[in-house]
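Okay, everyone, let's have a look at the model together.

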Amino acid sequence: MVVRENPGRSAVSEILRPACLAPTTMPRSKSLKSPLFPILMLVMFGCHCFQEQCCLFLPLQDPRVLDTMLPYQVNYYGNPHSRTHAYGWESEAAMEKARKQVADLIGADPREIVFTSGATESNNMSIKGVARFYKAKKKHVITTQIEHKCVLDSCRVLESEGFEVTYLPVKSNGLIDLQQLDETIRPDTSLVSVMTVNNEIGVKQPIKEIGHICRSKNLFFHTDAAQAIGKIPINVSDLKVDLMSISGHKIYGPKGVGALYVRRRPRVRIEPLQSGGGQERGLRSGTVPTPLAVGLGAACELAQQEMEYDHARVSVLANRLVQKIMSEVPDVVMNGDPEQRYPGCINLSFAYVEGESLLMALKDVALSSGSACTSASLEPSYVLRAIGADEDLAHSSIRFGIGRFTTEEEVDYTAEKCIQQVRRLREMSPLWEMVQEGVDLKSIKWTQH
């Protein structure tokens, strides 16, 4: 496949490309002597290498989004909810245009879009809001063991309030069992929450089938689509989705903004989490930040226009990365279903290598061993544990993210660096040496001293 020039790469990002490809060669300031300086420069200068740009966050949003936002940062600063003067009307018009752009991306009515601060807030609003509104008759919620942490924590809050929550297990490929879901639904179940694309292993759940099951049982279906919006085609009517969470920075928009789709027919009722002026149909009080909403709308419009090309290009780069690594390094496992997945989120386990050691060895590339929300923990990923990965393999996993601005050179650089460092770390590993000598590590009984 011939890779054309990215339409969104600005002159600024071209100037900063050396920081992406060889950050350790950059001149050091006397005041910045920390060994983390190369990583800091990756974030500060908007490196388009890996991971932080599509699965976690984008160090540099699409320049075209920024261009759309700037007038509302400096010139048009009216409150979009003030209807007594022209300044407010201008901001309101921009906000409503953005609302329509978000709605068009998912096949919704603009009146069904509620602006939030991001997918975490949208998830909290959906799960707590629906459960609490219908608690008089229904006190059961269903989710999965591999949801985003904010979904799992919201469910734990509901449990503390007397609700029952069923955490469905997933199969070894990361997908849920539809029959098990069907059998778990009870007369008092109010909500099912299953994410569209998993943020750690990239698997795509059968959302359409789940939606039909929920609609046939007359209960509401929420999906966290932060990792799917703008990357795969989504139509909420076809999927029978009642609530959908959206995040701005996952689609090259600004951080700090997102949206929640709330179906009008059949109507979904939710109890608001915060009180105030009654903005956003009374579901989310507080002044909508016009520049951020405009940025989200612009990002959605660009995603709709370039989704097909982006997906094809990301698929080519993902295959290039995986093939380069797995053809040169033995005992590498790709986590998650190989077919039902979004190609831009790749999770690989390197046997006999400690993941944190590999991360430090690859410190000039923005990678992670799990989601951003849990990356500070040294515990193995709960997602990998849920799919049945051995603890050793779970500890050796690395997540790669490929997005709109990733280049072939960056893929090759990362693959070569990864191959080099895995070989080096394995040469230092007594476990690897034992395996090469034919020792079955599972047959060894380890003792503590």
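Let's start in a loop: Glu280 is located between S7 and H12. Quick note on those labels: helices (H or I, at least four residues) and strands (E, at least two) are DSSP runs, numbered from the N terminus. Before going on, keep in mind that this is a predicted model, where local features need pLDDT of at least 70 and side-chain atom pairs count only at pLDDT 80 or more, while totals for chains, interfaces and linings use all residues. Residues are numbered from 1 along each chain as its sequence is written, and side-chain values use heavy atoms, with hydrogens and water left out.

Back to Glu280. Its phi is near 55°, so a positive value in a residue other than glycine. Is Glu280 buried or exposed? Buried, with a relative accessible area of 7%. Here buried means under 20% relative accessible area, exposed over 50%, and partly exposed in between, using a 1.4 Å probe and protein chains only.

The loop between strand S7 (258–262) and helix H12 (290–328) also holds Pro266. A cis peptide bond joins Arg265 to Pro266, with omega about -10°.

Asp331 isn't a glycine either, yet has a positive phi of about 55°. With 40% relative accessibility, Asp331 is partly exposed.

Next, helix H5, residues 63–74. Its twelve residues reach 17 Å from first C-alpha to last, close to the 16 Å expected at 1.5 Å a residue; that expected span is 1.5 Å times one less than the number of residues. Which residues of H5 are buried? Pro63, Val65, Met69 and Tyr72. Seen down the axis, they fall within an arc of 160°, so they line one face of H5. The arc is taken from the directions from the helix axis to the C-beta atoms. On the other side of H5, Asp67 and Val74 are exposed. And what do the buried residues of H5 pack against? Helix H6 (86–106) and H12, with contact meaning heavy atoms within 4.5 Å.

Last, the cores. A nonpolar core is a set of buried Ala, Val, Leu, Ile, Met, Phe, Trp, Tyr and Cys residues joined through side-chain atoms within 4.5 Å. The largest has 86 residues, and Ile106, Met244, Phe350 and Phe400 have the most contacts inside it. H12 gives the largest share of this core, 13 residues. Apart from it lies another core of 20 residues, including Met125 and Leu260.
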